[in-house]
Amino acid sequence: MSEPEFSKAMHNRSFINAPIETVWNTLVATDEPLPFFFGAICQTPERKVGAKLRMVHPNGKIVMVVGEVLEFDPPNRYAHTFQMTNIDEPPCKVTYVLSEKNGGTEFDLIIENAVVGSKLLKEMKGAQGFIAGNLKALCETGRPAFSGRMVGLLGPIFGLLAKKSQRIENWPLE
C-alpha cells in the first residue's frame, strides 16, 4: 500500500475592519455557538500546545470536529489539527494568522496536510470562504453573514442527521 499524497497549503486571506483583539477573542471563544464554525461550540480544557479540542453541536450530544492545539500565540497565531468525526480520514492542519493592518485585521486561514482527493479536503476547500466571511461579518457588525444565520436555523436538522459514531461520549477531551 502506498503512502497518501498530501495537499499543498490552501490559503484564504481577508481583511476584517475590526481591532485584532476583537477578531482574536471571537475566533477563540468557547462555550457559545460560533456561526463561522457552522454553529459549533468549541470546547477545550485549555488553549495551549498539546491540549485536545472538539467542536460540539449546540445540542451538546454530537461532536463535529476533534483536534489538538499545535500553536497558540495570542493574538496572532493559532493552529490545530482538524478531523471531522463523520469522515474516517486522517486529520489536516488548520492555522489562523492575524495581523494588524490599516486600522483593522488581516485574517489568514491556512489548510495544510489533507490527503489529496479526500472528502476532508473537499469539505475544507468549500468551508474556507464561509469561515472567513462569517467571522468578518460577526466582528464588523455583531451578527453573522446570511449563510451563517441559515446554518444556525438549520442546526437542529443537522444534529438529527449525525451518525451514532459522532456522539459526544465517543470523543472525550481527556
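The tour below moves from the sheet to the helices and then to charged side chains.

Bear in mind throughout that this is a predicted model. Begin by selecting the strands: eight of them form an open sheet in the order β1-β8-β7-β6-β5-β4-β3-β2, with antiparallel pairing. At the edges you will find β1 (10-16) and β2 (33-34), each of which has a single partner strand, so one side of each is left without a neighbour in the sheet.

Next, select helix α1, residues 20-27, and show the side chains of Ile20, Val23, Trp24, Thr26 and Leu27, which are buried.

Now turn to strands β5 (residues 63-73) and β6 (residues 77-84), which run antiparallel and are joined by six bridges; Asp73 has Arg77 of β6 as its bridge partner. Arg77 also forms a salt bridge with Glu71, with the closest N and O atoms 2.6 Å apart.

From Glu71, move to Lys93, which forms a salt bridge with Glu71 at 3.6 Å between the closest N and O atoms. Lys93 lies in strand β7 and Glu71 in strand β5, so this pair ties together parts that are 22 residues apart in sequence. Lys93 also meets Glu112 in a salt bridge (4.0 Å, N to O).

Finally, select Arg13, Lys101, Glu106 and Asp108, which are linked in a network of salt bridges.

Conventions. Residues are numbered from 1 along each chain as its sequence is written. This is a predicted model: local features need pLDDT of at least 70, side-chain atom pairs count only at pLDDT 80 or more; totals for chains, interfaces and linings use all residues. Side-chain values use heavy atoms; hydrogens and water are left out. Buried means under 20% relative accessible area, exposed over 50%, partly exposed in between (1.4 Å probe, protein chains only). Helices (H or I, at least four residues) and strands (E, at least two) are DSSP runs, numbered from the N terminus. Two strands pair if DSSP finds at least two bridges between them. A salt bridge is a side-chain nitrogen of Lys or Arg within 4 Å of a carboxyl oxygen of Asp or Glu.
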